[in-house]
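Student: Could you go through this model with me? I'd like to start with the ligand and then look at the backbone.

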Amino acid sequence: MPTLEVKNPATGELLKTLDADTVESMRIKYEKARSASLAWKERSLSERINVIKSFRSIAEKNLESAAQTLTSEVGKPIAQSRNEIKGTLTRLDFFLEATQKAVQTETVYPLEKGIKDNLTEQIEHEPLGVIANISAWNYPWFVGSNVYLPALLTGNAVLYKPSEYATLSGFLMAKFLHESGVPVDIFSVICGKGDIGAALLDLPIDGIFFTGSVATGRKIQEAAGKKFIKVQLELGGKDPAYITDNVDVKNAAEATADGAMYNTGQSCCSVERIYVHEKIYDAFVDAFVHTVKNFRKGDPAENETYVGALTRGKAQLDFLLRQIEDAVKKGAVVLTGAKQIPSDAGYFLEPTVVVNVDHTMDLMREESFGPVIGIMKVKDDAEAIEKMNDTDFGLTASVYCNDTVRAKKILSHVNAGSAYINCCDRVSPRLPWSGRGLSGVGLTLSTYGIETFTRPKAWHIKS
Ligand code: NAD
């Protein structure tokens, strides 16, 4: 039997050795999901809503232990783990409210009374069937539940493959779902690394919903090319922020420092590059560095810690140090950070601020996914737009400006799925979450992100 070792990235401690799936055990889970899906689909939406309401209560009651589990396996500061699970409950409330409206059967003909041709036309939303939800480790509660909650509510069965770095949280979510009344075969955890994720795609599933890196997204796209099923890929970002000359400099610096370093910079929508209008550049950089130096770093289990461990350990640390080294070689200057925080076993990087950067540097082009930021001076809005668009990614972009009309005009020229004015690193359940370019295809959240787990059936009824 293959196994999966789960280690605490902050301490190196072995937390658990889990039995991992095999191709055969996965096939059995798939077959059980397929046969159970018929009865789940037949249940009324209100029954499924009640089950998910019960999941909400169970998750809320166990919030503290779930947050501790999350921190222990991904090294996320404990206060941020609590925030993530609380935030998941808020998203869940949206799904509970919005699902009925998003997928109710719509009569599109006749729309007016008095038409007497004995014809009725309706659009009905049927579940996709059995879907694969392959997930990332950085926000396992958020990115997992963005998929499995609306998928379950709309009547699908889910094979949920948590990241190998967040599998304990994945099993905990499954436990809460099963206790709340989701049939065991309707939500199964697939335990393992990338090879098991790849093998999952060989099963005759009805949809693939993936969150993770561009490199894996490409492999999934290729594997899925042989099938004719829905594929959604939520991938990385290199999200820009532009600070105009019309801002409260201290507020903008504090907000974007948070946007860059929260979750130890390991967010798909972290601020990854900052452009600052030349008129306020020096003041902004001073305030930014001051904010970053004051972040509490270290043990993720402590309530006050703000920057925690690098979840993927040495490989991730080496990648970030290489990006910084490449920038410095090309003329960049490190204002703070770029050093490993001493630790017996875990891997931690001091939050790092780099200036004198340009777009020849990897730091300004590749996703960093860590506590590292490059800040660059621009002369005007036109240059900021050009720089913001000089990327293969397109997840989010933010502009800080007291003149909302100016900010909106700038962002209307920026190619990104989400546009933020005077805020950043933010996700709302009411709005669609989608990327452009290398940031992916498809969407989650909003009513569109509920409907996406269904396919329309067109009814032509003659009486
Ligand atoms: P990853 O691609 O390494 O792994 C993601 C998942 O894919 C894991 O469960 C992994 O086991 C599985 N996997 C690996 N190889 C596979 C294969 N060949 N076939 C099928 N599955 C396979 O990504 P990660 O390190 O877990 O996540 C970090 C990335 O996720 C970052 O790039 C981040 O920006 C992105 N992300 C995007 C969003 C978004 O909403 N756009 C949200 C969170 C994270």
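Predicted model: local features only at pLDDT ≥ 70, side-chain atom pairs only at ≥ 80, totals over all residues.

Student: Ok, which residues come nearest to the ligand?

Tutor: There are 28 residues around the ligand, and of these Glu164, Ser213, Thr216, Leu235 and Glu367 come nearest. By class, the shell consists of 12 nonpolar, 10 polar and six charged residues.

Student: Which polar side-chain atoms lie 2.8 Å from an oxygen atom of the ligand?

Tutor: One belongs to Trp137, whose polar side-chain atom is 2.8 Å from a ligand oxygen, and an N or O atom in the side chain of Trp433 is likewise 2.8 Å from an oxygen atom of the ligand. The protein buries 91% of the 850 Å² that the ligand exposes when taken alone.

Student: Switching to the backbone, where is there a cis peptide bond?

Tutor: It joins Tyr109 and Pro110, with omega at about -5°, and Pro110 lies in the loop between strand E3 (106-109) and strand E4 (119-127).

Student: What about phi at Asn118?

Tutor: Asn118, which lies in the loop between E3 and E4, has a positive phi of about 60° although it is not a glycine. Most residues other than glycine have a negative phi, and most peptide bonds are trans.

Note on methods. Residues numbered from 1 in each chain as written. Heavy atoms only, no water. Near = heavy atom within 4 Å. Polar contact = N/O pair within 3.5 Å; in protein donor to acceptor, adjacent residues only side chain to side chain. Areas by Shrake-Rupley, 256 points an atom, 1.4 Å probe, with all protein chains shown as cover. Nonpolar A, V, L, I, M, F, W, Y, C, P; charged D, E, K, R; others polar. Helix = DSSP H or I, 4+ residues; strand = E, 2+ residues; numbered from the N terminus.
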